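I opened this notebook to keep track of what I looked up in the structure, entry by entry.

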Amino acid sequence: MPALEPEPMSPPPAHARAHWLTRERLFLYSGAALIIYVVSAAIIIARLHGGVDGNGNPVGCDFVTFWGASHLALSGDPVAAYDLKALFEAEKLAIPGSGFQAQSPWQYPPMFLLALLPLALLPYFPALILFLGASFVAYAWVVRRIVPGPDTWLPLFGFAGVVMNAGEGQNGFLTAALAGGALLLLPRAPARAGLLIGLLTIKPHLGVLLPLVLLCGRYWGALLWATLTAAAFAALSLMLLGMGTAHAFFAHLPQVAKWVEDGSLPWSKMPTFFAFARLLGAPVVAAYALHFAVAAAATTAVAWVWLRGAAYELRAAALVAGTLLVSPYLYDYDLVWLGLAIAWFTVYALRRGWRGGERELLALLWLLPVLVLPLQHVLKVQAAPFAVLLLLLAILRRARGERLAGVDGREWP
């Protein structure tokens, strides 16, 4: 893959004021954020008792679900992963004697269970470190391919999405690496891109826009390979884990929907327009109506950017932003995907020049994953999806400007 080095730009006029977000300040803020994260993690770890905090949550709280599901599957009963009581008993084996009481359901399709199958061969803490470490390396590799050079490292480590996903022991690094890797490969190696897209069926609601952009971009080979990979992945999962896992997964979906609708899965951590409406007291039907109206508009916008043949960086960033607006089921750790959009938009702006407000928006998005919960507590509304919507609007503004200027961005880089 060719490097994405910024094109030389004309020096600014002598009277132009320098922007406040200089390279030095970017590194300063990134370093400060990283220090805060490290100190906070050290304090949290120091207060643990037997690997569990004062609220009864284990380290890497959500990862205990992955380990428990793996344990049940390796024990010969993968269907039990979808049984909350059986899963909780398996989760308690992850940290014996800790007495934690935080129940966490398994809500993923059989493909993800197959991908995580070997986890419980290791004790809980080594498995957690291996899972987060390996998936972060893949995610970091993708971001570095989008924005090459040593200057990428500190802003990457200081990105709030990294600490949020790591702290919750979640799969955001993995899903973002699959999506970002697919977008990197798409123009030059569509078959390999399709392979990664097919693997993203581990969380299918994050891949709903990918077939659309493949159609809009006429990437027929990638679409074929994505379809074949997804089908083979599903077939292998059912062959090894049994058809019962598919029945259990689909039977479990109405319960998950109920948890989303009644707030059992907390709206305060869900950066969606559905959660925004429910926190305002809107009925479920009205909340869905608002969310899917925004989702339909976002889908249309993403399709237009790809059909238009805008600069590839804009198309990739639009897909990421649209994906984060489409599903009503989304969590703060999923916002690690924003790192991809920030990277692609930055590369585009370095090539074409910055516009007013863009750097401020990217700075907000860089912090957004750790602000989702505090903003909701302070404002009493879910403000996070509006920031993602602003990103999509900024991308549309750029794509429209290209169209008016007669720019053809089909070739990349």
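Entry 1, a surface leucine. I located leucine 28 in helix 1 (residues 23–46), where helices are DSSP runs of H or I with at least four residues, numbered from the N terminus. I noted that the model is predicted, that local features need pLDDT of at least 70 and side-chain atom pairs pLDDT 80 or more, while totals for chains, interfaces and linings use all residues. Residues are numbered from 1 along each chain as its sequence is written, and side-chain values use heavy atoms, with hydrogens and water left out.

I then looked up the cover of leucine 28, which is exposed with a relative accessible area of 55%; exposed means over 50%, buried under 20% and partly exposed in between, with a 1.4 Å probe and protein chains only. Together with Trp20 and Tyr29, Leu28 forms a nonpolar patch on the surface, with about 310 Å² of accessible area for the three together. Such a patch takes residues with over 30% relative accessible area and no salt bridge, and joins nonpolar side chains within 5 Å; a salt bridge is a side-chain nitrogen of Lys or Arg within 4 Å of a carboxyl oxygen of Asp or Glu.

I found 27 aromatic pairs in the structure, a pair being rings of Phe, Tyr and Trp (its six-membered ring) with centres within 6.5 Å, called stacked under 30 degrees, edge-to-face over 60 and tilted for the rest. Ring pairs link Phe63, Phe66, Trp106, Tyr108, Phe112, Tyr124, Phe125 and Phe131 into a cluster.

Asparagine 171 lies in the loop between helix 7 (160–168) and helix 8 (172–185). Is asparagine 171 buried or exposed? I found it buried, with a relative accessible area of 0%. Leaving aside neighbours within four places in sequence, asparagine 171 is in contact (heavy atoms within 4.5 Å) with residues including Phe66, Tyr108, Phe112 and Phe131.

Conventions. Patches are made of residues with over 30% relative accessible area and no salt bridge: like charges are joined within 9 Å, nonpolar side chains (Val, Leu, Ile, Met, Phe, Trp, Tyr) within 5 Å. Accessible areas come from the Shrake-Rupley method with a 1.4 Å probe; for residues, only the protein chains shown count as cover. Helices (H or I, at least four residues) and strands (E, at least two) are DSSP runs, numbered from the N terminus.
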